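Please look over the sequence and the model before reading on.

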Amino acid sequence: MTALNIPDLIRKKRDGDSHSRADLEQLVLGYTRGEVPDYQMSAWLMAVYLRGMAEQETADLTVVMAESGDLMNLAGLERTVDKHSTGGVGDKTSLILTPMLAALGLTVAKMSGRGLAHTGGTIDKLESIPGWTSELSEEQFLRQAQEIGLALVGQSKDLAPADGKLYALRDVTATVDCLPLIASSIMSKKLASGAHTVVLDVKVGAGAFMRTLEAGQGLARAMVDIGTRAGRQVRAVLTDMDTPLGHMAGNSLEVQEALATLRGQGPHDLTELCVALAVEALVAHGETQAEALARQTLQDGSALERFRAFVAAQGGDPAYVDDPTRFDVAPGRAEVTAPTAGFVAKVDALAVGRAVLALGGGRERKGEAIDHGVGVELLKKPGEAVAAGEAVLRIYHREGRGLDTARTLLDAGLSISAAAPTPEPMILGRVN
């Protein structure tokens with residue numbers, strides 16, 4: 001412990017100076033090994049929160065966090081690409097985008113997470129398919145990625161363990177909302193996952209962590225800079241999350257909507273986002289006809305075919321891909337109606353996410369069981385006309401669990417205006 005002069009490092013950041021890579025290794029790796037106590041790390045986190053970090057300093061922090069545990073070796077795979085969303089409501093994009101990319105000759109060997117609070121998780125959605133498992137050996141994972149172009153597993157606890165420890169401490173020290181700490185948290189896992197190209201979907205709006213476009217742009221620029229300094233191709237798309245993506249929110253419902261999109265029959269906003277993200281990945285690999293190729297995968301069945309092969313390879317029943325009516329959907333129905341005639345001005349994404357959580361479709365704490373069959377359907381999206389008393393939202397519930405809370409949240413999150421609102425674009429900007 002004599003080599004660790006942690007108070008000097010805390011003082012250095014408190015006074016607004018930048019850390020060297022060696023400083024960060026001493027601090028972060030020492031904390032990961034249990035040699036630096038929580039109270040000292042908490043003081044340092046608050047100093048970062050108040051003083052910020054330089055770009056190179058943030059990049060060094062990210063690499064140190066990534067190297068605190070296992071590093072996925074994808075060297076044997078070609079044209080590797082990863083995708084990350086900063087979290088939203090109704091965001092089933094990974095279920096559609098990853099088989100699109102696989103059908104286009106890219107390789108997606110990806111680690112995904114579970115949902116927490118009002119945001120859903122890709123693993124939870126896929127577990128709506130009976131038999132599907134997120135647990136593969138490293139050999140199975142790499143072989144499947146090579147053969148099918150798509151393998152998706154749960155995040156290993158040994159992947160960037162420094163991030164897990166630091167995030168838990170940030171959560172209880174009021175230091176979560178700090179740009180360099182957010183960017184390094186996300187990108188440490190992306191660097192450790194090994195893909196050469198990373199496409200980031202940075203959500204902005206009521207249902208997102210970044211509420212304003214300015215904040216979203218700052219996060220996107222920081223993450224792209226980190227990736228570039230680490231020798232990766234990173235491209236970011238800023239997308240709207242004031243309103244849930246697509247029409248469905250809730251695990252089984254979202255998989256059904258994803259399958260409709262893979263058949264070329266998905267909602268416009270979801271389809272356009274998946275195409276936009278696919279274009280970023282293809283352009284990063286030198287493709288000049290990216291948009292046409294991306295759209296073709298949703299029309300010719302090639303993306304759906306890859307998704308079916310992926311499901312079957314990981315133990316899932318492909319009959320659910322062939323016939324989405326097999327999915328368990330909660331039998332209870334309730335509707336939220338328009339109080340007056342007019343136009344839907346707002347369906348608050350955060351309210352919808354919290355409603356799904358109240359119904360049992362999400363978890364407040366890691367490890368909690370969830371009900372895959374509950375959720376909320378947007379029968380009308382912002383800009384659409386409604387009559388007084390017409391249903392705008394449909395609630396799928398099981399024996400009334402959480403129904404009153406869900407209805408209250410949805411009523412509060414619904415706004416009707418006399419005039420049609422100006423439509424918001426799905427794509428708010430790009431950073432690369």
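The second largest cavity has a volume of about 50 Å³. The model is a predicted one, and the count of cavities of 30 Å³ or more in it comes to 2. The lining of the second largest cavity consists of L45, L61, M65, D163, L166, Y167, R170, L181, S184 and S185. Helices α4, α8 and α9 each give two or more residues to that lining. The largest share, 4 residues, comes from α8.

Helix α3 covers residues 38-51, and its length can be checked: at 1.5 Å a residue, its 14 residues should span 20 Å, and the end C-alpha atoms are 20 Å apart, which agrees. Just after α3 comes G52, with a positive phi of about 75°.

Backbone angles are the next topic. Most residues other than glycine have a negative phi, and most peptide bonds are trans. R79 has a positive phi, near 50°, and is not a glycine. R79 lies in the loop between α4 and β1 (81-85). With a relative accessible area of 37%, R79 is partly exposed. A174 also has a positive phi without being a glycine, in this case near 60°. The loop that holds A174 runs between α8 and α9. A174 counts as exposed because its relative accessible area is 59%, and the cut-off for exposed is over 50%.

Next come the aromatic rings. The number of aromatic pairs comes to 3. F307 and F310 form one that is tilted, with 5.8 Å centre to centre and 50° between the planes. Both residues lie in helix α14 (residues 302-313), 3 residues apart, about one turn of the helix. Why can residues at such a spacing face one another's side? An α-helix has 3.6 residues a turn, so residues three or four places apart point the same way. F307 counts as buried because its relative accessibility is 2%, and F310 counts as buried at 2% as well. Ring pairs also bring in W132, which joins F307 and F310 in a cluster.

Y320 and F327 form an aromatic pair that is edge-to-face, at 5.3 Å centre to centre and 85° between the planes. Y320 is buried, with a relative accessible area of 15%, and F327 counts as buried at 5%. The ring of Y320 also has a charge over it: the charged end of R326 sits 6.0 Å from the ring centre. Elsewhere, K165 lies over the face of Y31, at 4.4 Å from the ring centre.

The last stop is an open space. The second largest pocket has a volume of about 530 Å³. Of the 21 residues that line this pocket, D240, T243, P382, P423 and E424 are the closest to its centre. Helix α12 (268-284) and strand β8 (342-347) each supply at least two residues of the lining. The largest share, 3 residues, comes from α12.

Technical notes: Residues are numbered from 1 along each chain as its sequence is written. This is a predicted model: local features need pLDDT of at least 70, side-chain atom pairs count only at pLDDT 80 or more; totals for chains, interfaces and linings use all residues. Side-chain values use heavy atoms; hydrogens and water are left out. The expected span of a helix is 1.5 Å times one less than its number of residues. Rings of Phe, Tyr and Trp (its six-membered ring) pair if their centres lie within 6.5 Å; planes under 30 degrees apart count as stacked, over 60 as edge-to-face and the rest as tilted. Buried means under 20% relative accessible area, exposed over 50%, partly exposed in between (1.4 Å probe, protein chains only). A charge sits over a ring if NZ of Lys or CZ of Arg is within 6 Å of the ring centre and within 35 degrees of the ring normal. On a 1 Å grid over the protein atoms alone, a cavity is a set of points where a 1.4 Å probe fits but cannot get out, and a pocket is an open set with protein on both sides within 12 Å along at least five of seven lines; lining residues have an atom within 4 Å of a point. Grid points are joined across faces, edges and corners, and a volume is the space filled by probe spheres set on the points.
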